[in-house]
Amino acid sequence: TGALPPSSESALERAGVTAVGGVNPYEALHAYVRFAVSPYFNAYVTAKEQAEEGVAQSGDVFRDDKDLQQQGIPMAKKKLAELELSLLHLQQNMDIPEVVLNIHPMIARAVADCRGQGKRVSSDAIDPSLLSDSSFLNQLQGDVNGWIKEIQKVTKLDRDPSSGTTSQEINFWLSMERALERIEDQLQSDAILLTMDVLKAAKRFHATVSFRTDTGLKEAAERVTRYNVLMKDFPINELLSATEIGRISFSIEQIFAHINKKLKLTAYPIRRALPLVEAVSRDFNSQLVKVLGHVRLMHVDYKDFDRLFRETQGAFEAWESQVKEFSNLARDITRKRSEKFIPIKVHAAHGQLQERFHFVHQFRHQHEQLQHTIVKVMGSSIGGPTIQDVSMGDGTHASDLTAIDEIRMAYDVVKVVDILDVTPEGTDQWERAETSYNERVARVENQIIVRLRDRLATARNASEMFRVFSKFNALF
């Protein structure tokens, strides 16, 4: 990991992102884009849209300019998301050790001499006396044993698919393929081939016969080739760069279409495919939180919230439908391959988010109904007169406005809660806010009961009682 230039460090610090010594520059840049550039851009766009909605535009020129801007904003959002994703990938790439095979100086000199003379590299380029020099041959044999150990550092590598992200699993196997190709290129080089030829000519067969087997190159290459049938062209970037809920739903369908198709063509084990799908679920959850986090969910108008909820439910339903199809395919493949039986069950990382969002939707729906009912029953409106302006003679009681204000203040308590935070701390914060809300609503209910009793007590006949009941009927 290289150090950041001083100019870059000062720029990051001014943006509120501190680049500490030893921090991966990609991590610092990713933090800068995610926590500074993107939020600033989104906040500006939102504020601009709200301002434009409040001003009636006149003339085709202004309308055309606005249309052009609106067309460019989604593209700019997508490019920012792609930049953030690229920087994230650079952080998540698992480093595969770079294998550099050591070459004996005599071998290197012989290869250089042959190339200088335009001759084919062969064991004839080595001084015949060296073929009986045990010290020289032992050094060559030691080099070969060192090559085996170096190559095994790569061929024995593996990763746990149940940890990390989908991109990390994909990048690991694609990087493994490139690493094995680089090793194979070195093994086909003149210096390596000459070393092996010299050992064969000196009858040191035990150093050469099992060389390929000992490195594990063949098995590793075969496994990587099988796995990369699935990993190549894996459409995870469609999910990670999505800036709208609809695009997230579409990307989930694309991902499972790819997985289901490729699993039929490759021997990628089902025992790895299950945690891979769970990794997709974690990315799915993270992207939903990211996209929804740009919206002030408890502040937006209920109609907008309800629309967003239905879009999100569509994404959850798309996931459940695709997982069901995947599970059926996985069971079928397990039977056909005669693999060891394992329960085909996908643990969805977004389960808590789905449950929380559904609960909050019900909460907002009930609050909306309660608010409208209170306004209707109390004979006032949200923008009505203040308590001091109300007189008993106009049919509106001071307690009516108190009840309406109490409902407003009750909701203000839950507005500040991050409903997307499903950690124990976030859940505790929501529960405390909900308890406070319920206490305030209970006070409103008591006010209404007292008001109803007072009105009934002052009723002089049955007709007046019925009028009272008709006014409060919406509450029952």
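Analyst: Of the 476 residues of the chain, 41% count as buried, that is, under 20% relative accessible area with a 1.4 Å probe and protein chains only as cover. This is a predicted model, in which local features need pLDDT of at least 70, side-chain atom pairs count only at pLDDT 80 or more, and totals for chains, interfaces and linings use all residues. Residues are numbered from 1 along each chain as its sequence is written, and side-chain values use heavy atoms, with hydrogens and water left out.

The chain has 17 helices and 0 strands; helices are DSSP runs of H or I with at least four residues, strands are runs of E with at least two, and both are numbered from the N terminus. After helix 7 comes Lys203, with a positive phi near 65°.

Buried in helix 7 are Ala191, Ile192, Leu194, Thr195, Met196, Val198 and Leu199. An α-helix has 3.6 residues a turn, so residues three or four places apart point the same way. The cover over the buried residues of helix 7 includes helix 4 (105–117), helix 5 (134–155), helix 6 (166–187) and helix 8 (211–215).

Ile107 touches Ala191, Leu194, Thr195 and Val198, among others; a contact means heavy atoms within 4.5 Å. Other residues that Ile107 touches include Ile126, Phe136 and Leu140.

Note on methods: Buried means under 20% relative accessible area, exposed over 50%, partly exposed in between (1.4 Å probe, protein chains only).
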